[in-house]
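Subject: Handover of a structure, with notes

Dear colleague,

Please find below the structure that I am passing on to you. My notes follow it, and I would be grateful if you read them with the structure open.

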Amino acid sequence: MTKPILWTSTRTSGTIVHQMAAAAGVDLDIRFISLRKGEHKTPDYLAINPKGEVAAIQIPDAGVTITEIPAMALWLAEAAPDSGLLPRDAIGRAKGMEWLCWCHFRMANTFYVAFQADGLLADDAAAAAKLRSAAMARAGDALAFVDAALARQPNGTLLGTSQVTAPDIFASALLFLADFLKLPTDRFTHLKALGAKVAAVPAIAAALAREEEIG
Ligand SMILES: N[C@@H](CCC(=O)N[C@@H](CS)C(=O)NCC(=O)O)C(=O)O
């Protein structure tokens with residue numbers, strides 16, 4: 001059997017998948033590529049992932065590559081069914097997927113818009129500033145929504161589990177993106193506590209430390 005390969009890049013959305021893989025304990029060949037050097041646009045990489053993005057999980061034995069964070073999370077959970085990355089029961093798993101899809105959609109239509117406003121409206125600085133500010137406000141609303149959901153759950157996790165699950169990892173990454181955008185996050189106390197809980201999982205801490213090392 002050839003080990004499945006996680007293609008990723010440090011400090012990108014690939015970090016979310018890297019953390020999920022670590023939390024699940026799935027044995028992957030992890031390969032970091034450099035977006036700065038354009039390694040995601042080489043013919044060899046495009047043959048693996050025609051989207052030219054990270055992350056991607058290549059499964060050589062099946063001749064397939066899985067992309068998109070919720071789909072990769074689901075595959076990881078199936079590959080390590082006892083890991084608790086997602087609940088095993090149908091309702092728990094569906095609720096987990098619901099949160100993953102929600103985080104994924106918010107990341108794209110809110111956080112990424114804030115990051116990309118200047119590029120999207122490169123010829124109109126005032127419009128770009130307006131777009132960025134609107135996206136930042138929506139990002140704040142999204143974090144408030146997660147924070148309120150956490151306040152209602154036992155154990156301070158999105159699914160109420162004692163163990164951190166894939167949605168918790170994704171939600172914590174949104175908090176990290178907010179910090180990167182310099183969006184004030186102090187009021188999201190439940191989400192901050194979740195972020196600390198996620199970062200304290202030894203396998204996740206090790207994955208993050210490895211990314212720091214690589215830079
Ligand atoms: N929808 C994708 C998003 C992937 C994505 O946006 N990846 C970024 C890194 S954060 C990327 O590879 N960007 C390179 C590019 O678009 O040129 C997912 O869920 O994985």
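On the surface, F115, F176 and F180 form a nonpolar patch, with about 350 Å² of accessible area together. Patches are made of residues with over 30% relative accessible area and no salt bridge, where like charges are joined within 9 Å and nonpolar side chains (Val, Leu, Ile, Met, Phe, Trp, Tyr) within 5 Å. Accessible areas come from the Shrake-Rupley method with a 1.4 Å probe, and for residues only the protein chains shown count as cover. F115 belongs to helix α4, residues 90-120. Helices (H or I, at least four residues) and strands (E, at least two) are DSSP runs, numbered from the N terminus. F115 counts as partly exposed because its relative accessibility is 33%; buried means under 20% relative accessible area, exposed over 50%, and partly exposed in between (1.4 Å probe, protein chains only).

Please note that this is a predicted model, in which local features need pLDDT of at least 70 and side-chain atom pairs count only at pLDDT 80 or more, while totals for chains, interfaces and linings use all residues. Residues are numbered from 1 along each chain as its sequence is written, and side-chain values use heavy atoms, with hydrogens and water left out.

The ligand

Which residues come nearest to the ligand? Of the 13 residues around it, these are S13, V54, E68, I69 and H104; a residue is near a molecule or strand if one of its heavy atoms lies within 4 Å of it. A nitrogen atom of the ligand lies 2.6 Å from a polar side-chain atom of E68. A polar backbone atom of I69 is 3.0 Å from an oxygen atom of the ligand, and an N or O atom in the side chain of H104 is 2.6 Å from an oxygen atom of the ligand. The protein buries 75% of the 510 Å² that the ligand exposes when taken alone.

Salt bridges

The whole structure holds 7 salt bridges, a salt bridge being a side-chain nitrogen of Lys or Arg within 4 Å of a carboxyl oxygen of Asp or Glu. One of them joins the side chains of E212 and R11 (3.4 Å, N to O). E212 lies in helix α8 (residues 202-214) and R11 in the loop between β1 (5-8) and α1 (14-24), so this pair ties together parts that are 201 residues apart in sequence. E212 counts as exposed at 53% relative accessibility, and R11 counts as exposed at 56%.

E68 also forms a salt bridge with K51, with the closest N and O atoms 2.8 Å apart. K51 lies in the loop between α2 (43-48) and β3 (56-59) and E68 in the loop between β4 (64-66) and α3 (69-79), so the pair ties together parts that are 17 residues apart in sequence. K51 is partly exposed, at 40% relative accessible area, and E68 is partly exposed, at 32%.

The side chain of K51 makes a polar contact with the side chain of T67 (2.8 Å). A polar contact is a pair of N or O atoms within 3.5 Å; within protein, one must be able to donate a hydrogen and the other to accept it, and residues adjacent in sequence count only if both atoms are side-chain atoms. T67 is found in the loop between β4 and α3 and counts as buried because its relative accessibility is 16%.

Yours sincerely
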